[in-house]
Amino acid sequence: MRAWLAAAALAVALPAGAHPAPFSYLDLRLSATGVEGTLVLHDYDVAYELGISPPERLQDPAAARAGRDRLIAVVGPRLQLDSGSGPLALTWGAIDVLPERQSIRLAFAAAGPRPGMLRLDAYLFPYDPIHQTFVNVYEDGRLTHQAILDARHTRLDYYAGTAQGALAVMRVFVPAGIEHILIGPDHVLFLVGLLLLGGSLWRLAGIVTAFTAGHSVTLSLAALDMVTLPGRLVEPAIALSIVFVGVDNLLMRRDATPGQPAPHDIRAWVAGAFGLIHGFGFASVLREFGLPQSALGWSLFSFNVGVEIGQMAIVLAVASALAAVARRSGTAADRVVLGGSVAVILAGGYWFVERVFLTGGM
C-alpha cells in the first residue's frame, strides 16, 4: 500500500510538462509450473525507446503489435530472473493496450519447477533517473511481497514460502555466517581470548554457545529495527570486550593452582554478556548483506547457524593447539596463556583507541 501512495505522491509532485508517469509495474506469479509475469509500461517510456512520436500512437493496438519485437529487444535484457541455479529463459507473450492507463502490457513466462528463490534484476529505463518499477510477487494467487526498484536499487531477492524456499535461504545465509565470523578479526580474537585458559571440549563449546545466544538476541532485535545502536558506540565496546577477556585471563591465571581448573570461571557469563554487544556488530554487516523480508526468520536463523559453525571450527582449532602444547609442557602452556592474554589486551586496546580517536567508532 505504501508503494502505491508513494507513486501517487510523486506523480502529483511532477511539474507540468514532465514525464507524466515515471513508473512501470511488474507482477510475478510463482506456481508449480514455473513463473508467469506481466510488465506494464507507460506509453511515454516505450515511445522514447522506440523513437515513436507522439506517444499516443501506441494506443492503437496495431501500432503496439508492430513495435512488440523491438520493445522486447530493448527491455528483455534489462529484466533478468534467476532461480539461484541459473538464469531463467523468458518466453514473451502477447502485447496489450491499456488505454485507461496510457500503457501497454507485455506477458512473459519461464516454464519449470516452482523456484525456491527468485532473483530479479530490473533496470528498465536508464534514460530516466527517477523511473521506478513497482513489483508484486504472488504465490499460488496470493500476494506475498511488494517492492520498489529504481536506479539505486535494481535487485530483489525473493524466497518462496516453501521447503525449497527455506533451503534456498540456508544455502545463502549459512555460508554468509561462517564467512563473517572467520573474517572478523575482532570477533575471532574475542573467542580466542575466551579459549586460552582451556578446559574440556564441552566446557569450551558451552562458552561459545553462550556467545551465540547473546549475539543472536541483539542481532535479531537490530535486524528487525526494534533496537539499534550507532557504530560509534558498538565498535569501541567490542574492542573493550576483548580487553576485558584478556585481563580476566590474567587474573584467573594468577589465582589458579597448577594442574587444577581455574577458580571462579565466569567465561560463559562473559561470553553471553558481551555477545549482546557483538550482536549489534553482526547486524550492521547483515544489513549491508541484505535481509529478505519474505524470509526474515529463516535468514536470521541460517546466519546464526553459520556463525555457530564458524565458531565451533575456531574452538576445535584453538583447543587442539592448546591441548598439544599442554601435553608437551605445562610451562609452555602457561606461557601461551600469558603471552596470548597480553596480545589480546594489546589488540583490543589498539582497536579501542583507533575506533574512538582515529575513525570515530566506524
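Predicted model: local features only at pLDDT ≥ 70, side-chain atom pairs only at ≥ 80, totals over all residues.
## Basis

Residues are numbered from 1 along each chain as its sequence is written, and side-chain values use heavy atoms, without hydrogens and water. Local features need pLDDT of at least 70 and side-chain atom pairs pLDDT 80 or more, while totals for chains, interfaces and linings use all residues.

## Asp45 and helix H2

Asp45 sits in helix H2 (residues 43-50); helices are DSSP runs of H or I with at least four residues, strands are E runs of at least two, and both are numbered from the N terminus. Asp45 is buried without a salt bridge, and Arg78, the nearest side chain of opposite charge, is 8.7 Å away. Buried means under 20% relative accessible area, exposed over 50%, and partly exposed in between (1.4 Å probe, protein chains only). A salt bridge requires a side-chain nitrogen of Lys or Arg within 4 Å of a carboxyl oxygen of Asp or Glu.

In H2, Val46, Glu49 and Leu50 meet Arg70, Leu71 and Val74 of H4 (contact: heavy atoms within 4.5 Å).

## Salt bridges

The count comes to 10 salt bridges. One of them joins Asp121 and Arg155, with the closest N and O atoms 3.0 Å apart. Asp121 belongs to strand S6 (residues 117-122) and Arg155 to strand S9 (residues 155-159), so this pair ties together parts 34 residues apart in sequence.

Arg355 and Glu235 also form a salt bridge, at 3.4 Å between the closest N and O atoms. This pair links helix H11 (residues 330-358) with helix H8 (residues 231-255), 120 residues apart. Both Arg355 and Glu235 are buried.

Technical notes
Lys, Arg positive; Asp, Glu negative; His and termini not counted.
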